[in-house]
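Open the model in your viewer and keep the selection panel handy.

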Amino acid sequence: MTTVDNTNQVPARVGTRPALETRELHVSFGHNPVLRDVNLVVPSHTAVGLVGESGSGKSTLGKTVVGINRPRQGQVLVDGEDVASAGKRRRAELRRQVQYIPQDPFSSLSPRRTIGQTLAEALDPGKAKTSQHQDRITEVLEQVRLGADAMGKYPHQFSGGQRQRIAIARALILQPRLIIADEITSALDVSVQAEILTLLRSLKSTTEASMLFISHNLAVVQALCEYVVVLYQGVVVEQGSVDDVYREPRHDYTRGLLASVPGSEGFSLD
Amino acid sequence: MTNKVRALGVAAAVTVGLSACTTGGAGGTGTIQTAINAAPTTFSPWTAETRDDYDVSRLLFDTLVRRGADNKIVPALATSWESTPTEASFTIRDGATCADGTPITAEVVQNSLHAMATAEGSVFRKIVFGPGRPTISADNAAKTVTVELAQPWQDLVQGMSLVATGIVCPAGLENPEGLRRGSVKGAFSGPYVLSASSHGVSYTFALRKGFTGWPDYGDTASRGKPAQTVQVDVMPNGSSRANALLTGGMDIGTISTQDMTRFDGDEGYTAQRLPSSSLFVLFNEREGTVFADEEVRRAVVQTLSRKSFNSAATAGLGDLATTFSHDAVPCASTDSSVLIEQDVEAAKPVLRGKTIRILGLEVIGPQGAGNTYIAEALRAAGATVEIDNVDVATWSTTGTGEPDAWDLTVFAGINAGGTMYGALSPVVGPPTEAGGANWSGTEHKDVLAMVDEAMREPDDRTRCGIYQRVQETLIEGAHVMPLSYLPAQLTTRSGFSVQVHNDQVDVATMQIDGEG
Amino acid sequence: MTKLARRGLWTPSMAGGLLLGLGLLVAAILAPVLLAEPAEQLTDAAGQPPSAEHWLGTDNLGRDNLARALVATRLTLLMTAGATAIAVVGGIVVGVGVWLSGPRVRKVGLRLLETAVAYPSLIFALVIAAILRPGVVSSVVAIGVAGIPSFARLTANLAAKISTTDYVTTARLLGVSPRAVALRHVLPNMAEPLLILATTVFSLSLVELSALSFIGLGVQSPDYDFGLLLNESLTQIYTQPTSVLGPSVMIVLTGVAVMLLGDALAARANPRQGRRAVRNPAGPPVVEIPDGDTALVRVEDLRVRVPGGAELVKGVSLTIEPGEVVGLVGESGSGKSLTAMSVAGLPPAELEVRADVLRVDDLNMLGHPDRGRLGREISIIYQDPGTTFNPSLRMGVQLTEVLRTHLGVGRGRANKLIADALAQVNISEPERRLRQHPHKLSGGMRQRGMIATTLVTTPKLIVADEPTTALDVTVQHEVLRQFRRIHREQGAAMLFISHDLGVVQELCDRILVMRHGEIVEQLTPGQLREGDVHHPYTQALMDAVLVVDTSPVRQEFS
Amino acid sequence: MSISQSPHPVPRTALRDSPWLRFGLQRLTGLLVSFVLLVTVTFVIIPLIPGDPAAAIAGPEASGAEIARIRGELGLDQPLHVQFFDYVGGLLTLDLGTSFASGQDVSAMILARLPFTGQLALFAILLTLIVSVPVGMLVAVLTHGGRRPWLDHVFNAVTSLVYSVPQYVMATLLVSVFAVGFRIFPAAGAETLLSLVLPTLALMLLPICVVSRVVRRETTVVLDQDYIRTARGWRIGRVRMFGRYVLPNVITTTLTLSGLILASQLGGAVVIETVFAWPGLGQGIVDAFLARDYPVIRGTILVLGLLATLIIIVVDVILAIVDPRTVEADHD
């Protein structure tokens, strides 16, 4: 089922609109094309892994989807709706349907705001009062296995892994359609990475959100995702179900990726 | 601080003089370093406005006569003269030349004086010639120039000693703009030519070869020679000048700040304190203002102490004034009994509840301390006082242009003409709003009539009697209150000299002494 | 006070600043009430020299100089505070505003600010003061407004850093309005540096206000501040110097008080404050190696601690045989890096390092061994977050450093050698790379560059501190291959640190697992592969290692 | 396998994409914009200063008629827009007009003063750098990592103290001690090279405090950088470490700051110039203010603005050469 061409091979769930779809997306910085003709589907209630090395454009894709970067061409559809052509208010609503978790847990939380304030701001960007949303905040903190007492604390009182949980909670609190997790485990020790992955897996079954999981490590993707999209030099070179792609990689680059995880079959230092 | 010193350029500062009266030969020697406050505003003698302008013009342009001790007129370019109240004729020295070699004939002098008498923008025109146009004629053969006046004007001969009547040679008359900028060498008739200049920074004057027309002040002994070069730097800060003098960076200079006392008892220097401007209280007497009422003016005068003011404004270094002009001006009153006596208690009831707006010139004492004294004294006497200490430009603008904005000011009279008539100008005659120079707003027709009478009077004693009445009228009527004379100190390093006559440094007597 | 001391606040700077500041405040509050009469009443005792009655003499209106200097404190402090407030508030509004506006406005705004900052601010103040007519309010406005551009620029610089942080990006994505972003995120996070800058602005305003007085455009009588008093008396500096003393001393004291407070604040804001370098007792530069001790590196009972605080490495002992590759594994904070850096002789200066034995070959790392030998024999490779190379130097200079400094190789030859080495570690166009600055190279290339240096310097020991952690897996793979290769070719011993058991098990001959400053288990790669581990912590680390499963049945992750 | 190499080798760009060209164009545009702004703003704002130039020229003893005549002569009775177009027209032919007060050519007046100020500012900034860079670095190194806390406090206290002394007090002190007291240096004027010593010294002290504090702070920051740790690992000598690894990274901030100080000293030396009777631009503009000499004020402000911008550009170029990332950063 895997191909090397750009045909969309991740199937949309029958009867439901995909959480995210990109159509012929082109992004460039100055005159350097970064993404070319990217077609991508994240079906409802599904985790899709987006893999590629640094500079392959995978983070750019994530940032384009949430609106940090502007595409030069192509469409981003959230819940079947083109974000760019939506009205201003609708666009804001669609944007809130897509939540973004950045890589570095140390710079993603404002050092001068309590966890409660940070989460309240996500719920209500206008007022950001903790008191009005106490219940929801407690609830989401519990979802990421942090106590309600975290609410009054500041980021520096938490470890990297805990901060990443808070960042996840901030993404979850709006009950979004899609979460874009941009290398959220790369800056963590492997042991912490494992904890986060465990958390994400359990969240898959308790929340409705789909996930676009960006990583450079195929092993991590395998631990979490049903589908995988391989990006190489701004182009999707391979996509399909994790099982299919891992078992029968078509592209050299994918094979290289597979063989570079230490301990995996085919990994060798000679 | 700069503006303080700068304003003293307007309100004070007698600076450089040059040359020696009895040095016959053409030979000059060495360099004299001196300073002026600010860049000269003009090199044309007729339009000279600041003391710096006068000094520079003195070096460049000769005048017919000079004013010596006791107001005695002495020969310079003119060797002799005759005068009546309406006419004067001058005999021109033989062999005088312009810087470009043109002989200075009677006609050259006639043309120059004519140009001055018709020049726009010379404040001195009236001081020298009085109202109306003079007729000037020359007789080349007899080497005489005759000035006929439209009406009697006793100050005419003295006026011919002012820088403003400096003789401009034909080259300068042909090029007025160049004359103003100092770029026409042939225009100069005086002992020096401007040989180099960096405007606003420094000016170099070179002694003219063969110049012999030094003024003849009489028997004043002189051991020295004029300098071959006079180097004039622009140096606005009084302390800097004092420092330069003390460290040998300057030979002759004028200091008007408290730095004067730094030379007290120092044998390496000759220091001479001269009144540079006369300070007096001037009231805005226009109708409807608080000082239209003589009683209120009198109360102010009764409140103030000249001594305390002098202490605040000059640190006690100035002399107390007995009239509104320098005491060296011909016919100045020296009678302190004319002054209204201090009587604070009598003044209090009158001043209570009155609002007085003081227009303070900030150069009267450090940060306008003199004005502060007046304000505090009036406040202590019960008046409500508003005080605004401003720089010279704003002071002039407000004083001449905004009669509704002030009630009282301490006027700093320079009186560059050195005549009683000149000293009177801010208080009598047409008010400023009518195009005149009178700040007080009242014309004083009676005083004007007396001045007119004085100008017709050929006898000096009688004339001074009339002027004495004029001063009494203004002082006793509390139109002005004489305060003190702002001192400036001519300081000369030993080995150098400059002559002072009649409290004025002749702008032409700097010398390097003896062996040099 | 003890509380302050505990928070590291009670420094001499803080003490001095507070003391002076309080004194000035007292003067500002009390002097105008108590000393109004001697300070303002005209008396006949004008221009008097210092006496028992008038310590600093009197001015020309007979007022007491000392009283005037003290009374002026209030107005001076108020004016300076006012000017500072204008500069700071204006600067913040402009600076943050510029950053929150669109890219076009921002670019133009920043450029204009830059020019405005370069403009002589005193001239700027001069114009404003002249237009407003000299006086208290106009001086404050003039100096305040003239200070806006530089404060705005500083604010913009700080805001620039903050506005690129993830939390600001996230807040914007969440739809938080720019104003709220500024108020909630940008401002609070630069409050501290701004406060410190504000103290600088305060002392600068103080001096500039008095300079304005000097030019004659400051406060006008009858009001008086230090500047006016100073200016009044400066004309007497040569004749009655004591009159200058009051205002100048007051100005200097005020300035010093504020600067000291600023310094104290800055010191507190610095996270490294409170670090105190430790003078570790120095042993001899070399030690004798007992007969029969074949180890290249021997560490016995290494203890590293914060002086008077926690022990971070608690008695570690280890050996590395010549040519052996030893892995040191553990999570962040387990003490593995401290151990490695102690071995390399570069522990953080503020830590206390003790050991029974700590040697590399015969070099005593507790002493001050010969620099040349250290440089030649021990090579260190760090984690590459993009900052391990000096950004302003070309790669060639940096990579040939050891060759030229310690091996006496000339520049040309060193470049040639390193270029060959780069080619060996698969770096294309090595000559060009050497001429490039570090930021032009990818992380993998930089790490391979580092490895290449060991090819030419042939050290006895390579200490690699998480050298692959910041790299993508594919790049990590390549870098690991190069490690293996130089080990094969050079036979250097290696201390390899990682938090990933998966990484070390492929490379190392022996693996030490560290936790909480102690070595909890020692393993061979074989044991690891077979899962023959005993310590639960090692087990947990093993479980955390993810490998790609390409077998038909999906691996279940628990 | 070369997958670890950059997938986007930077392609050879067209000239219009050259970062250096962009950099140059941007700076030029900036220069132009600030110049236009400066011309307009100064033109409008200067006449707001209370005090009539004509009254200032005529003096207090002049008559109302005389003042009115002078106003006409100066062209002040013309509508503002006419004056403005005259002024701009002059500027286009590089003519700054003639001084109200003296009738001299404004550009000549400024040119006469510029070398004095330039000399003073350059000397001061050079010496500032020569003194404060080593001092700042030395203090940073000696106190790094919490060593020698006493030095830390002494450095802070001394720099605070010197920083807090108003420049004119410092200048006056220097004069009274070294010129009037010991007679080592001239007290005033700008005749000899020796005349430069005291003004330069007076002008330097404050920047020395500022710059050495900044150098010290920056050095501390640099010393904590990863690349210094790397260089330590190479065990290179102290001299090389500070010369090659610390200094270039400290110098960027220092240069920027020095540029700003240099620019601001060109006009900001007003106070020093007054005390030392130094005939520079600062003194000139104060004189012009007092005389309400609009053309000179405007001309000086304009020239100072131009110089400030030029200095910034020069510093930018130097920085770009030292650290090429700055040019590329502009590219975004």
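**Stop 1: chain A**

Start by selecting residues 20–258 of chain A, which the UniProt annotation "domain: ABC transporter" (unreviewed entry) covers; UniProt positions are given in the numbering used here, feature names are shortened, and annotations may be inferred rather than shown by experiment. This is a predicted model, in which local features need pLDDT of at least 70 and side-chain atom pairs count only at pLDDT 80 or more, while totals for chains, interfaces and linings use all residues. Residues are numbered from 1 along each chain as its sequence is written, chains are lettered from A and ligands numbered from 1 in the order in which they are written, and side-chain values use heavy atoms, with hydrogens and water left out.

Helices (H or I, at least four residues) and strands (E, at least two) are DSSP runs, numbered from the N terminus.

Next, show the side chains of R17(A) and D79(A), which form a salt bridge at 3.4 Å, N to O. The term stands for a side-chain nitrogen of Lys or Arg within 4 Å of a carboxyl oxygen of Asp or Glu. The two residues are 62 apart in the chain: R17(A) is in the segment before β1 (20–29), D79(A) in the loop between β4 (73–78) and β5 (81–82).

**Stop 2: between the chains**

Which chains share the most contacts? Of the five pairs of chains in contact (heavy atoms within 4.5 Å), it is C and D. By comparison, no contact joins chain A and chain B, and their closest C-alpha atoms lie 49 Å apart.

Select the C–D interface: 83 residues come from chain C and 81 residues from chain D. Together the two chains bury about 7,000 Å², 65% of it on carbon and sulfur atoms; buried area is the accessible area (1.4 Å probe) that two parts lose on being put together, summed over both. On the chain C side, R111(C), Y119(C) and F214(C) lose the most area to chain D, together 8% of what that side buries. Two salt bridges join chain C and chain D. For a 2.4 Å (N to O) salt bridge, pick E401(C) and R240(D).

**Stop 3: a helix pair across the interface**

Now colour α6 (residues 121–132) of chain C and α12 (residues 281–291) of chain D, which pack at about 10 degrees with axes 12 Å apart. Axes are lines fitted to C-alpha atoms, for helices over the stretch in contact, and angles run from 0 to 180 degrees between N-to-C directions. That angle makes α6(C) roughly parallel to α12(D), a label for angles under 35 degrees. I123(C), L126(C), V127(C) and A130(C) meet I285(D), V286(D) and F289(D) here.

Methods: Angles under 35 degrees count as roughly parallel, over 145 as roughly antiparallel, 65 to 115 as roughly perpendicular and the rest as oblique.
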